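Please look over the chain before reading on.

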Amino acid sequence: MGAFGGFTLTNKGRTLQSKAQSGVQLSYTRIAVGSGQLGGQSILLLNTLIDQKKSLPVTRLRMQPPNKAIIGAVLSNQDVTTGFYFREIGVFATDPDEGEILYCYANSGTDAEYIPVVGGADIIEKTIDCTVIIGTASNVTATINESLVLTSLETFNEHTDAAVLDHPDGSVTTAKLGAKVVTSAKLGDGSATDTVIGNRTLSDTAAPVSDTGSIPTLLSGLAYQIKSITGASWKTASSMTISAIKTILDAAVSIATPSTLIKRDSSGRAQVVAPSAAGDIAIKSTVDAAITTAATDATTKANTVQTNLNTHAATATVGVHGSASVVTVNTLMHRDASGRAQVASPSAAADIARKDTVDAVQTNLDNHKNATGGVHGATSAATINALIQRDSAGRAQVAAPLAAADIARKDTVDNAITGLSYTAADVLAKLLTVDGAGSGVDADMLEGQHGSYYTPKTVTLTSGTNLNTVVNSGFYRLTTAHANDPGAQDGQLIVSGGLDTIIQIAISYTSGNNMYVRGGTPAEVGGTGSWGAWTSIAKLASPAFTGMPTAPTAAAGTNTTQLATTAFVEAVRVILATADALKAPLASPALTGVPTAPTAALGTNTTQIATMAAIQAAIAALINAAPGALDTLDELALAMGDDANFATTMTNALALKAPLASPAFSGSPTVPTAAPATNSTQAASTQFVQTVVAAATPAKAKVSNSLVATTSAVTVTTYTAPAVGNYLVGVYLRVITATTTVTVAVTYTDAGGAQTTTIANAQAFPVGSWSLLPVFLASTATAINVVVTTATANQVYASASIVGV
């Protein structure tokens with residue numbers, strides 16, 4: 001390898017080194033090699049290699065007291081495709097403020113070593129050790145690629161010659177031990193007794209309470225957990241594995257599949273096959289069919305009952321009155337003033353449900369929806385606290401229902417259907433039982449009210465109601481956002497329907513009291529057609545007509561509020577055109593005879609017609625008693641030198657003058673020098689700028705080649721900081737004839753009080769010149785001193801500088 005000499009810290013490396021002295025971590029990231037040649041470049045200013053060829057990961061980091069560190073890497077030509085001269089090397093580190101920087105640099109110049117390409121006769125693989133100065137930094141790290149770490153012979157010999165080998169915990173594993181190499185002779189007395197490793201007896205009766213303990217204690221905890229999961233001793237093989245249970249659970253589907261768990265689909269629904277046993281789950285089609293059959297039967301019976309009621313109303317004279325809206329047995333039921341009526345709590349399936357019954361059902365449904373337990377142990381039999389599973393026929397059973405939200409069983413549905421099988425005679429008998437004979441029913445009366453009492457009243461439609469579904473004759477209150485509305489929100493809807501036809505009239509009282517009407521023969525009223533479009537009805541006040549409205553044409557000369565038709569307007573246009581033909585046009589009129597016009601006032605500058613009188617007055621005003629030599633245009637031309645381009649001549653002359661706004665000077669213009677601290681729009685001269693720059697130059701103090709003539713502490717330079725700020729202190733030593741022990745310190749005061757930072761502490765310096773690491777500090781408005789102490793007088797020249805940064 002080429003002769004590199006020593007490394008030189010770059011400026012950024014020196015700044016990072018100063019930060020490291022105050023406690024910032026010094027972290028090396030990589031080593032780079034290249035073939036660049038130093039020309040006139042300054043190493044201090046380098047930020048990267050001149051011609052980098054390879055970047056090498058750090059493989060080792062070792063401290064070398066008192067103030068150095070060795071950073072190692074491996075250079076190989078295994079991935080080199082183009083040979084190069086190994087002439088330059090750099091160490092990179094991480095600055096917390098700037099990121100990765102070039103910390104130090106070295107160049108071998110003409111002593112470079114050639115690195116050949118891979119595949120040739122030479123295989124290059126060498127260990128590179130870079131010795132760098134770290135000063136007094138205590139927190140030094142490196143990003144090390146452990147996959148490339150190699151042990152040098154020096155390190156291996158140090159390891160084998162060490163009196164005590166300190167292996168980290170866990171570094172010597174079973175795989176690293178040969179068979180039977182750990183014998184009783186190699187184990188200390190008592191290292192593997194029952195007291196140390198446990199009595200080797202397991203118990204599955206106690207739950208684990210800690211992650212630490214003897215091996216038997218930890219294994220006993222595992223045995224307890226296995227028993228808790230399987231329900232049997234850890235020594236007993238489980239009848240079903242967790243994987244098998246997961247397979248069963250994963251097989252759950254929402255469709256009707258025999259011998260599988262039931263799972264709701266994405267809509268919250270699940271399916272079973274049609275029930276056969278009384279305890280089977282009913283499916284929607286079964287219930288719908290039952291309801292349809294019951295509804296058809298009920299309709300037939302209701303029609304029969306209506307016939308009997310009509311007959312009863314025409315003949316009965318007693319037993320109809322005495323109805324009540326509160327819960328009263330054996331009485332007819334009517335609504336109270338709020339339109340409500342009460343019944344006793346239902347007991348039979350066909351009884352009217354009360355609000356508290358429905359609310360209780362909703363509460364049960366909410367509780368059921370939020371339930372999370374009881375999922376496993378599913379069965380197809382009616383078993384409490386168990387999930388429902390279909391049997392081999394695709395059915396499942398539940399217990400007889402109690403609450404209204406319980407799943408209905410086949411026998412429940414069958415009984416409900418059977419309970420609806422009343423004959424017309426049964427219904428009439430029950431009505432007679434309630435009303436009694438001789439109730440005196442009048443065909444015009446119902447529940448004590450005359451027929452007019454039941455005249456349709458205004459019904460408020462809820463938001464979102466589709467008006468195509470409002471087909472019953474009556475009055476309706478419109479709110480907002482109804483489907484198929486004409487825009488008549490917050491208004492009234494009047495519906496009149498008959499047979500298969502319907503008419504709707506909508507009136508809005510918040511949108512200008514607009515009125516709309518439509519009709520049709522839609523399917524919603526049994527028609528075969530459709531709804532007609534909404535038509536807006538014009539208002540008397542400010543109607544907004546559409547299409548082509550017509551009206552009677554007013555007589556010529558009419559001047560009233562009567563509507564004007566296009567025919568009336570055309571007649572007026574013809575009259576105006578006849579009169580206009582006798583007038584002169586505004587644009588370029590060709591007047592005849594001797595036309596006259598008002599004479600404009602002197603000084604008028606408009607489009608008004610100029611009369612001869614106005615022209616003569618203007619000429620007299622123009623001359624304005626001018627002297628005889630300047631009262632004609634010829635005389636004025638002579639006065640301007642007969643220059644036809646007089647304006648251009650004057651413009652060119654003015655162009656040689658600087659404008660007031662944004663002048664562009666040339667040559668060396670001068671301005672008065674403003675007073676110091678002037679802060680205005682006054683132009684600044686170079687003298688003013690130099691004065692300001694001088695005032696802004698960082699404060700500094702320095703001393704060069706000051707001979708330390710005594711062994712006592714000597715303050716070689718001092719600087720009194722004018723204000724709180726940051727300062728950089730640099731020291732350079734030159735030892736004359738013999739090695740001398742030197743101590744260099746900086747004293748200053750910061751926010752924490754008086755401080756002393758030692759740059760070199762009783763360090764022996766051989767003959768030569770030495771540039772010490774700079775110190776970065778924050779000082780209050782007090783003195784900053786550089787103090788040098790030497791063991792031998794008149795042997796050291798000291799140079800120092802203190803610069804504000």
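## Overall make-up

The model is predicted. The chain has 805 residues, and 24% of them count as buried. Its secondary structure comprises 14 helices and 30 strands.

Contacts in the chain can be sorted by sequence separation. Among those between residues at least 6 apart, 56% join residues at least 24 apart.

## Nonpolar cores

The largest nonpolar core holds 33 residues. Those with the most contacts inside this core are Tyr 28, Phe 86, Ile 89, Tyr 103 and Val 132. A second core is separate and has 28 residues, including Ala 701, Val 729, Ile 759 and Ile 802. In soluble globular proteins, nonpolar side chains tend to be buried together.

Beyond four places in sequence, Ile 89 touches Phe 4, Phe 7, Ile 31, Ala 32, Val 33, Cys 104, Tyr 105, Ala 106, Ile 128 and Cys 130. Val 132 is found in strand S10. Its relative accessibility is 2%, under the 20% cut-off, so Val 132 counts as buried. Leaving aside neighbours within four places, Val 132 is in contact with Tyr 28, Asn 67, Lys 68, Ala 69, Ile 71, Val 91, Tyr 103 and Cys 104. Val 91 lies 41 residues from Val 132 along the chain, and their C-alpha atoms are separated by 8.8 Å.

## The second largest pocket

The second largest pocket has a volume of about 1,100 Å³. Its lining has 39 residues, and the closest to the pocket centre are Asn 67, Lys 68, Ile 133, Ser 771 and Leu 773. By class, the lining has 22 nonpolar, 14 polar and three charged residues.

Which elements each supply at least two residues of the lining? They are strand S1 (8-9), helix H1 (11-21), strand S8 (99-107), strand S10 (125-133), strand S26 (753-765) and strand S27 (768-771). S26 gives the most, with eight residues.

Leu 102 lies in strand S8. Is Leu 102 buried or exposed? Its relative accessible area is 1%, under the 20% cut-off, so Leu 102 is buried. Setting aside neighbours within four places in sequence, Leu 102 is in contact with Thr 10, Gly 13, Leu 46, Asn 47, Thr 48, Leu 49, Gly 90, Val 91 and Phe 92. Asn 47 is 55 residues from Leu 102 along the chain, yet their C-alpha atoms are separated by 5.3 Å.

Lys 301 sits in helix H6 (residues 284-315). Lys 301 is buried, because its relative accessible area of 16% falls under 20%. A polar contact of 2.3 Å links its side chain to that of Asp 297. Thr 565 lies in the loop between strand S21 (535-537) and helix H10 (566-580). At 13% relative accessibility, Thr 565 is also buried. Not counting residues up to four places away, Thr 565 touches Ala 551, Pro 552 and Thr 553.

## Backbone details

Most residues other than glycine have a negative phi, and most peptide bonds are trans. Several places in the chain depart from these patterns. The peptide bond from Pro 65 to Pro 66 is cis, with omega near 10°. Pro 66 is found in the loop between strand S4 (60-64) and S5.

Ser 259 is not a glycine but has a positive phi of about 55°. Ser 259 lies in the loop between helix H5 (242-250) and H6. With a relative accessible area of 49%, Ser 259 is partly exposed. Asn 705, another residue other than glycine, has a positive phi near 50°. Asn 705 is placed in strand S22 (residues 700-707). Its relative accessible area is 43%, so Asn 705 counts as partly exposed.

How values were computed:
Residues are numbered from 1 along each chain as its sequence is written. This is a predicted model: local features need pLDDT of at least 70, side-chain atom pairs count only at pLDDT 80 or more; totals for chains, interfaces and linings use all residues. Side-chain values use heavy atoms; hydrogens and water are left out. Helices (H or I, at least four residues) and strands (E, at least two) are DSSP runs, numbered from the N terminus. Buried means under 20% relative accessible area, exposed over 50%, partly exposed in between (1.4 Å probe, protein chains only). Contact means heavy atoms within 4.5 Å. On a 1 Å grid over the protein atoms alone, a cavity is a set of points where a 1.4 Å probe fits but cannot get out, and a pocket is an open set with protein on both sides within 12 Å along at least five of seven lines; lining residues have an atom within 4 Å of a point. Grid points are joined across faces, edges and corners, and a volume is the space filled by probe spheres set on the points. Ala, Val, Leu, Ile, Met, Phe, Trp, Tyr, Cys and Pro count as nonpolar, Asp, Glu, Lys and Arg as charged, and the others, Gly among them, as polar. A polar contact is a pair of N or O atoms within 3.5 Å; within protein, one must be able to donate a hydrogen and the other to accept it, and residues adjacent in sequence count only if both atoms are side-chain atoms. A nonpolar core is a set of buried Ala, Val, Leu, Ile, Met, Phe, Trp, Tyr and Cys residues joined through side-chain atoms within 4.5 Å.
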